[in-house]
Amino acid sequence: MATTSSTPRPRRAPSSAPKSDKFANAGAAVGGFVGAVGGSFTPPINLTVNTGGKSAAPAAGSRTSHFLLGEPQFNSTEDVRDYCNQVRALMLQCAIELAMGAKILEARLGQAQTLPDDSPVQARLRAMKIGRKLKKAADSATAAAKNSVAAYAAFQREYADLMRPRPQRAATTTPFRY
């Protein structure tokens, strides 16, 4: 027979629930809200909660980095090149996802129930107008990728003298004379 202590166990506050439970039904709630507002249109929403211990790129020491690409450290030419390449890769991936999302959203909105006085052509035009905003975001992400490459090119051009080793002059062997 197990013995129990007379002191009650402290209860957890509702706000200190584990992360996996905190957002468990957020996707369904958002999808239901959008479905209620938008009539027959309910977008598929995937919500991923990272409950793993480590962040993508922890900074030195016990502090974690708040940067998506990690704490920028520009101590050498390679650091600048690596950071610009990471920005380029991330922005290209974002541009692809945004462009795909724009097409999918435009197609889903084009299939949504039309307003009472609308023709199917007007419904598709409204869908294109909304999809155009995500396409502009994709174009901006592509421009950010291009500008990160241009930043490294400008760094090479402006600091080329510092990056290459300078030739050492031979010491003058002629002594000073009066």
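The following paragraphs look at aromatic ring pairs and at a nonpolar surface patch in this structure.

The model is predicted, so local features need pLDDT of at least 70 and side-chain atom pairs count only at pLDDT 80 or more, while totals for chains, interfaces and linings use all residues. Residues are numbered from 1 along each chain as its sequence is written, and side-chain values use heavy atoms, with hydrogens and water left out.

Rings of Phe, Tyr and Trp (its six-membered ring) pair if their centres lie within 6.5 Å, and planes under 30 degrees apart count as stacked, over 60 as edge-to-face and the rest as tilted. The count by this rule is 3 aromatic pairs. Phe-74 has a relative accessible area of 47% and is partly exposed (buried means under 20%, exposed over 50%, and partly exposed in between, with a 1.4 Å probe and protein chains only). Tyr-83, at 26%, is likewise partly exposed.

Phe-155 and Tyr-159 form a tilted pair, 5.6 Å centre to centre with 35° between the planes, and ring pairs link Tyr-152, Phe-155 and Tyr-159 into a cluster. Tyr-159 is partly exposed at 44% relative accessibility.

Ile-96, Met-100 and Ile-104 make a nonpolar surface patch of about 310 Å², with accessible areas taken from the Shrake-Rupley method with a 1.4 Å probe, where for residues only the protein chains shown count as cover.

Technical notes: Patch = residues over 30% accessible without salt bridge, like charges linked within 9 Å, V, L, I, M, F, W, Y side chains within 5 Å. Salt bridge = Lys/Arg side-chain N within 4 Å of Asp/Glu carboxyl O.
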